[in-house]
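Hello,

Here is the structure we talked about. Please open it alongside these notes.

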Amino acid sequence: MAGQISPGTLSPPRQVPKGIDKPSYWRTGQPKQPRRVQLQKSPGQIRRMRRACDAAAAVLDRVGAAVRPGITTDELDEICHDATIELGGYPSPLNYNGYPKSLCTSVNEVICHGIPDDRALEDGDIVNLDVTVYLAGMHGDTSKTYPVGDIDAESARLVRVTYECMWAGIRTVHPGGDIADIGRAIQTHAEAHGFGVVRDFVGHGIGEQFHTKPSVVHYYDPSASFEILPGMTFTIEPMITVGDWHAEVWDDGWTAVTVDGRRTAQFEHTVLVTDTGVEVLTLGPGEIPPDS
Ligand code: MF3
Ligand code: CO
Ligand code: CO
């Protein structure tokens, strides 16, 4: 079934000034794959993760504040790009595996990786803004779904439950725990509300590389079992659907949409496993974890 979102026109590529430290792929599009990744980060790496994640949260807050009917997703991309550079960072999506923009903007039935274009947001839309900043040699990754003007009750419930799903996943994390428990908590909460959990996209380890082990699946999969250890940093980023959770990707190679054209929402935080539990590194200004 066709949804309402269709491919738009992209603006010319945005430039990143000399003097901004850039990731391996910025020119070639190909991320350099290290032979082995250190999953448990050192205190120095954790300090650098904090800088990248603080910046990502600040940029997301800036871009989110601009959401309103009439603004184009390309204008949101420009705000993201400029705010990232202002903080001394590189917008991680730009040229990552050839991705053409600095932000992902996923509207309504777009699950993730929507490319900013000339489409103006409309009253009643929901839009996920996914910001990743490369700063101090590390990536920090966070996203939120925003209402545009007045949204219908079902969309509001989808956005609220998706946020709760992310936090239900985060709350399971502790040293000695299991990555697979994250997805179990998320799926349980989503399905209790009659919603689906997207399978084709996962959370991920993050640090010097944008995407590393471990994969963080958002549904229950016993084969996703992986021991959680102190110093690990990874994302939790459930995509929840009103209807069918199956995804298809547009011919642009990026834009993932629901097969039934119904709406989907996503929230994402980057977390650090501490000696005693979990710390959310990308908490936004004034964001307080909700009660379970
Ligand atoms: N930020 C996305 C994630 O949560 C990845 C975007 S990759 C891009 O993993 F190339 F589309 F930017
Ligand atoms: Co991510
Ligand atoms: Co992201």
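Below is what turned up around the metals.

First, a caution: this is a predicted model.

Start with the cobalt ion (ligand 3). Asp130 (OD), Asp130 (OD), Asp141 (OD) and Glu268 (OE) coordinate this ion, at 2.0 to 2.4 Å. Along the chain, its donors follow the spacing D-x10-D-x126-E. The site has six donor atoms, with angles of 58 to 167° among them. The geometry is irregular.

Now the cobalt ion (ligand 2). Its protein donors are Asp141 (OD), His204 (NE2), Glu237 (OE) and Glu268 (OE). The donor residues are spaced D-x62-H-x32-E-x30-E in sequence. Six donor atoms surround the cobalt ion (ligand 2), and they subtend angles of 51 to 163°, so this arrangement is irregular.

What links the two metals? Aspartate 141 bridges the cobalt ion (ligand 3) and the cobalt ion (ligand 2). The two ions lie 3.3 Å apart. Aspartate 141 sits in strand β5 (residues 138-147), while glutamate 268 is in the loop between β13 (264-266) and β14 (269-273), so the pair ties together parts that are 127 residues apart in sequence.

Are aspartate 141 and glutamate 268 buried or exposed? Aspartate 141 has 2% relative accessibility, so it counts as buried. Glutamate 268 is at 0%, so it counts as buried too. The cut-off for buried is under 20%.

Best wishes

Notes: Residues are numbered from 1 along each chain as its sequence is written. Chains are lettered from A and ligands numbered from 1 in the order in which they are written. This is a predicted model: local features need pLDDT of at least 70, side-chain atom pairs count only at pLDDT 80 or more; totals for chains, interfaces and linings use all residues. Side-chain values use heavy atoms; hydrogens and water are left out. Donors are N, O and S atoms within 2.8 Å of the metal (3.2 Å for Na, K and Ca); water is not among the atoms, so sites may look incomplete. Four donors count as tetrahedral if all angles lie between 85 and 135 degrees; four count as square planar and six as octahedral if opposite donors are over 155 degrees apart and all others between 65 and 115; anything else is irregular. Helices (H or I, at least four residues) and strands (E, at least two) are DSSP runs, numbered from the N terminus. Buried means under 20% relative accessible area, exposed over 50%, partly exposed in between (1.4 Å probe, protein chains only).
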